[in-house]
Amino acid sequence: MDSTIMQTFYDLAEDQSTSVAAANLLVQKLQTTDKDSLGYSWKRLVKGMSSNRKNARQGFAVALTEILIQFPSIDVQEVYALCKEANLPSGHVSQKEIRDLYSGFVFCVSALQRSSRLKDNDLWAEVLRDLSQILLKKKLTIKDAVFKVLMDVLESIPSENFLKVIDIFGEEMRKGWVQCTAERLAIMSYLEKRDSLNASKIIKK
């Protein structure tokens, strides 16, 4: 593996200017190296997204975003599958580990959203389902971050696909005010604003 590429992974966790420069350098080097280096790089970024080392999450997310933009051949379904495998809690983990893992998941989804690659094979639908389920978790300490990225994804979906979005949240919408949380209310309000006709057919009056 190119030593310059390896160094960028450490530089990505430094201050913002160093991190941005490292992300740009990584993309440049990957454009002149083999496919194995590209595969290794995006996988390392996804797996390392839950690291709490300095500014690693922010730097890794910036780099992953640029890589997904510059290399459309990357299968985003594979990226998201690894994102869930590496960054969603399983088994016996501490509360701190749970927070770090969910934070990594949020940053990974944010990179996918910012790269505009969620539209590939309607990956956004699976992402919305997963984010909405995470919001239901009790004692979720990063609920605000999960909600923000969910809304970012919602706002990026074109109107012609919005009926499918309403179907995804249909069960939540039919609950109406039962067990209504601030996040559910905000989502319901947004859906009504975007597509009041179809949303009103589902929401329980």
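**Figure 1. Surroundings of R57 in the predicted model.** R57 touches M49, S50, S51, N52, D100, S103, G104 and F107, leaving aside residues up to four places away in sequence; contact means heavy atoms within 4.5 Å. This residue belongs to helix α4. R57 counts as buried because its relative accessibility is 15%; the term buried stands for under 20% relative accessible area, exposed for over 50%, and partly exposed for values in between, with a 1.4 Å probe and protein chains only. A polar atom of the R57 side chain lies 3.4 Å from the backbone oxygen of M49. The model is a predicted one, in which local features need pLDDT of at least 70 and side-chain atom pairs count only at pLDDT 80 or more, whereas totals for chains, interfaces and linings use all residues. Residues are numbered from 1 along each chain as its sequence is written, and side-chain values use heavy atoms, with hydrogens and water left out.

**Figure 2. Helix α4 and its covering.** Helix α4 comprises 15 residues, 56–70, and reaches 21 Å from its first C-alpha to its last, close to the 21 Å expected at 1.5 Å a residue. The expected span is 1.5 Å times one less than the number of residues, and helices are DSSP runs of H or I with at least four residues, numbered from the N terminus. The buried residues of α4 are A56, R57, G59, F60, A61, A63, L64, T65, I67 and L68. Their cover includes α1 (3–11), α2 (16–30), α3 (35–47), α5 (76–87) and α6 (95–114).

**Figure 3. Aromatic pairs.** The structure holds four aromatic pairs; rings of Phe, Tyr and Trp (its six-membered ring) pair if their centres lie within 6.5 Å, and planes under 30 degrees apart count as stacked, over 60 as edge-to-face and the rest as tilted. One of them joins F9 and F60 edge-to-face, at 6.5 Å centre to centre and 70 degrees between the planes. This pair links distant parts of the chain, with F9 in helix α1 and F60 in helix α4, 51 residues apart. F9 is buried at a relative accessible area of 0%, and F60 is buried at 5% relative accessibility. The rings of Y80 and F105 form a tilted pair, because their planes stand at 50 degrees with centres 6.0 Å apart. Y80 lies in helix α5 and F105 in helix α6, so this pair ties together parts 25 residues apart in sequence. Both Y80 and F105 are buried. Ring pairs also link F9, Y40 and F60 into a cluster.

Key:
Helices (H or I, at least four residues) and strands (E, at least two) are DSSP runs, numbered from the N terminus. A polar contact is a pair of N or O atoms within 3.5 Å; within protein, one must be able to donate a hydrogen and the other to accept it, and residues adjacent in sequence count only if both atoms are side-chain atoms.
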